[in-house]
Amino acid sequence: MPSKRVKPVLPVRRVPFAAAIAATLAACNVVSRDGPNGNEIRSGATAILTQPGQAVAFVMLDLNPAVVQAANSRTRGLGPLFGRIRSGAASGQGSVGVGDIVTITIFEATSGGLFIPPEGAATRGGNFVPIPPQQVEASGFITVPFAGAVRAAGRTPQQIAKDIAQRLSQRAVEPQVVVSLADRRSGSVSVLGDVSAPTRLMIDPGGLRMLEAIARAGGPRSAPYETIVTLKRGDQTTQALLSAIVKRPDQNPYLAPGDTVFVSKEPRYYIALGSTPTPGSIGGTNNRRFSFDNESMTLAEAAAKAGGLEPNRADPGAVFLYRMESRQVLEQLGVDVSGYTGLEVPTIYSSNLGRGDGFFIANDFTIRNGDIIYVAEAPSVGLQRFTGMLSGLTGNATAIATTRAAY
């Protein structure tokens, strides 16, 4: 009988657990990535400058009614409001300015005077004579026959008419003068920027308020809570939020001749990081950068817009808000800020949404433009992730050992 060929039995090589982990991690190098890791970037640098231990010092405050009141008071004061430029005339008197066009009509009581000769009285349609329209010169004067140069700039039509009548009283028969403003070219303001119809407006004798000027320019093209109105008068400039101008009468000033009103869209944003819904699942700018929906937003509203807390990861007792806070606010709360320089101090506000009153406090705390909200993970999440990683590595090591045993 032919002899049977016996398949040689290869010795089973036991792979140490640490080696299996190393092999698994090494295999990760072939997995698709977004880019190089931190070590690869550092290894390719020609020079690295670091300052170990130079951490940013910050203040941490737990949110409570006193903290909320102090911080919100500062937040309300930060809103752009007009204040550095005085309002124009509350009720313009219709003063004539350089460049304006005026018309003059002179009346005489009877014919045979200066302007109405006796022989022409029967053929005239009235006892008056119109003077051709004329523009106020750069010197501020106009010229009237037999009255000479009359100052017009800075005076009302009534004042100009009275002056002309007095000058003609010795030559005309009981003269009466009517002066009208035919075309106002001096008292103008410009409305530019994010409006439907940028334009140049003339100030009416009754005055022109900010909101009226914006309305006559077609109105803003963006929402009031993200629209900034800049008023430039001479060499001074000030700004206000359009929604504040609408709500507060003291923020709707009368404009002055030569003012420039510039309307711009400037959305305000906050950032939400940490254990919030996965980027892409919630709308927003760049998925983690969200815009304000109103003139003001609270911490609770901001968290809700970001999708709320991730139920499988978030620690409701560890919701933090990062901002640069005013020294004055921190000193008011009794915080020792002597070790900090500058007018603002890095500050973290801690909110515990796991408490019964946590949502009330969060719904009272007003956020600011540029705030960062961070939701920490629950401690158990890290343990679950670690045990899951060990389970995966153990499975990989067993699979490797089994594969080698088969050979």
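Biologist: Which residue stands opposite Thr230 in E11?

Modeller: Thr230 stands opposite Phe262, which belongs to E11. This is a predicted model, in which local features need pLDDT of at least 70 and side-chain atom pairs count only at pLDDT 80 or more, whereas totals for chains, interfaces and linings use all residues. Residues are numbered from 1 along each chain as its sequence is written, and side-chain values use heavy atoms, with hydrogens and water left out.

Biologist: What makes E9 and E11 a pair of strands?

Modeller: Strand E9, residues 227-233, and strand E11, residues 260-265, are joined in the antiparallel sense over six bridges; pairing requires that DSSP find at least two bridges between two strands, so E9 and E11 qualify as a pair. The strands themselves are DSSP runs of E with at least two residues, and helices are runs of H or I with at least four, both numbered from the N terminus.

Biologist: Why are E8 and E10 said to stand at the edges?

Modeller: The five strands form an open sheet with mixed pairing, in the order E8-E7-E11-E9-E10. Strands E8 (199-202) and E10 (236-241) each have a single partner strand, so one side of each lacks a neighbour in the sheet. Neighbouring strands here are turned by 20° against each other on average, direction ignored, with axes being lines fitted to C-alpha atoms (for helices, over the stretch in contact) and angles running from 0 to 180 degrees between N-to-C directions.

Biologist: What is the order of strands in the open sheet of six?

Modeller: That sheet runs E1-E15-E14-E16-E12-E13, again with mixed pairing. Its edges are E1 (59-62) and E13 (289-291), because each has a single partner strand and is left without a neighbour on one side. Within this sheet, E14 (residues 314-326) and E15 (residues 344-351) pair in the antiparallel sense over eight bridges, and the partner of Tyr322 in E15 is Ile348. Helix H3 (residues 65-78) lies across E1, E14 and E15, at about 45° to E14, where contact means heavy atoms within 4.5 Å.

Biologist: Is Asp163 buried or exposed?

Modeller: Its relative accessibility is 14%, and buried means under 20%, exposed over 50% and partly exposed in between (1.4 Å probe, protein chains only), so Asp163 is buried. Arg155, also at 14%, counts as buried, whereas Arg167, at 35%, is partly exposed.

Biologist: What makes Leu273, Tyr322 and Tyr374 a patch?

Modeller: Together they form a nonpolar patch on the surface, with about 250 Å² of accessible area, computed by the Shrake-Rupley method with a 1.4 Å probe, only the protein chains shown counting as cover for residues. Patch members need over 30% relative accessible area and no salt bridge, like charges being joined within 9 Å and nonpolar side chains (Val, Leu, Ile, Met, Phe, Trp, Tyr) within 5 Å. Leu273, located in strand E12 (residues 269-274), is partly exposed at 35%, so its area lies over the 30% limit.

Definitions and conventions:
Salt bridge = Lys/Arg side-chain N within 4 Å of Asp/Glu carboxyl O.
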